[in-house]
Amino acid sequence: MPPIQFLVERFESGQTVAELLRKRYKLTWTRAKRIVEGGHIRVAGQTTRAPEQRVKSGNRFWIAAGVLELKQVPGSATKTKVSPVAPKKVSPKSKSKTLVPPPNIELIYSDDAVVVVNKPAGLTTSRSKEDREEFGPGQRFLPKTLEEFLPTVLGTPNRKVFAVHRLDRDTTGLLVFARNSEASLKLQQQFRGRSVERRYVAITRGVPKTGKIETILTPDRGDGRRGSGDAKAPDGKRAVTYVSIRESSNSFGLVECKLDTGRTHQIRIHLGEAGFPLCGEQLYDRPLKGQRLPDDSNATRPMLHAYRLGFQHPETDEFVGWELDPPADFTDCWKAVSTTEVPTRRNDAIPTNS
C-alpha cells in the first residue's frame, strides 16, 4: 500500500490526531495511539508523536505506507473497510489490485464538496470522450487518469470525484474536482458562465505583446492541428486569452495569461500562432504548413503552469481562490534562458472578472 494522505475536513477540525484516526478508520483507541506514537503520522508536513495534538481544517494528514491497508467489504461496492496491518515487504513479482497513485499528486484543499489539487506534468486529467467511445470497457487497460487516482489519494477509494475542467497532460498547476454530483453541476455552470478565475504563467520563445487574443478555434486549421479558422466555421468556437508580460530576458518571455474562455490547448495555440510558442512546445510551434520554430530552451514539456484558480464555493457561495508557484522544472527553465528570477507577484494589468 502507498502512503495515505488527505486534507482534514471542516467537521473534523479540533479533533485530536488519535481521535481522527479512530473515527476515519474504525480503530481502537489503543491502536490509534500506537500508530501516532510510532511516528507514522505527519500533520501539515510535520511528523507528530502526540496523540492529543489537535488538527485544523485544511491540514494535510499523511499516514506512512503499510500502516493501514484498505480492503473491500465483501458484497459491497460503495464501502471500504480499513484493517491495520504491520508494514510488509512486497515481492517484485507480486501484483496488487490496489490502484497505486503516483507520489507527486499534491492535495491543496478538500472538503465534502470539492477537492483542489496541484496537478503534476505527465498525468491526464480525466478520460476523454473519444477514449470512452473508442475503448469502452477496454479503458481499464489505458494509463490511469488523475480523476481515477484521486479517490485513493483522498483516502476514500470508493467515492468517485467529478472532473469539471481540465489541464493538458503536461501542464501543471491548480485543478478542482467536485466530490458529489450537485457540486459538479454548480461548478460546471460557473465554468460555462465564465465566472471562474483562471490565470497561467508560461515561458515563451520571444516576447509577445501585451493585449487580447481573440480567434475562432477549430479542430483542424488545415494541417491536422487545432487552431484558428474562419469565423463562420460550423465547428468553430470563440476563444479569448488576455496576455501580459511579467519579465523578458535573452529573447524569452515570462508571460501571464488569463482565460476568458477555456478551449482545448487555447493558450498554447494562441501564443504559437502569434509567433511566440511555449518553450518545449512541439505541436503548436509552427505556422500553418510551415517549418518548426527553433527552441533553444531544452525544455522537455510545454512550459505552462496554472498558478491561480478562484470560484464560488458550491456549498457556501463564498468566493474562494488559491495561488501556487510553478514547479522546479519551470523555474529551472527560466533560470537557464534568462538572467532574472521567476517573480511570484500577480500582474494587475490583466483585467479581473466583472
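These legends accompany close-up views of a predicted model. Local features need pLDDT of at least 70, side-chain atom pairs count only at pLDDT 80 or more, and totals for chains, interfaces and linings use all residues. Residues are numbered from 1 along each chain as its sequence is written, and side-chain values use heavy atoms, leaving out hydrogens and water.

View 1. Let us start with a helix. Helices (H or I, at least four residues) and strands (E, at least two) are DSSP runs, numbered from the N terminus.

**View 2. Phe6 and Phe61 form a stacked aromatic pair.** Rings of Phe, Tyr and Trp (its six-membered ring) pair if their centres lie within 6.5 Å; planes under 30 degrees apart count as stacked, over 60 as edge-to-face and the rest as tilted. In the pair of Phe6 and Phe61, the distance is 5.0 Å centre to centre, with 15° between the planes. Phe6 belongs to strand β1 (residues 4-7) and Phe61 to strand β4 (residues 60-63), so the pair ties together parts 55 residues apart in sequence. Phe6 counts as buried at 1% relative accessibility, and Phe61 counts as buried at 0%.

**View 3. Tyr109 and Trp322 form a tilted pair.** Their ring centres are 5.5 Å apart and their planes are at 40°. Tyr109 sits in strand β7 (residues 106-110) and Trp322 in strand β17 (residues 319-323), so this pair ties together parts 213 residues apart in sequence. Both Tyr109 and Trp322 are buried. Look for Phe311 here too: ring pairs link Tyr109, Phe311 and Trp322 into a cluster.

**View 4. Arginines sit over the rings of Phe6 and Trp62.** A charge sits over a ring if NZ of Lys or CZ of Arg is within 6 Å of the ring centre and within 35 degrees of the ring normal. The charged end of Arg24 is 3.7 Å from the ring centre of Phe6. Arg42 lies over the face of Trp62, 4.0 Å from the ring centre.

Key
Buried means under 20% relative accessible area, exposed over 50%, partly exposed in between (1.4 Å probe, protein chains only).
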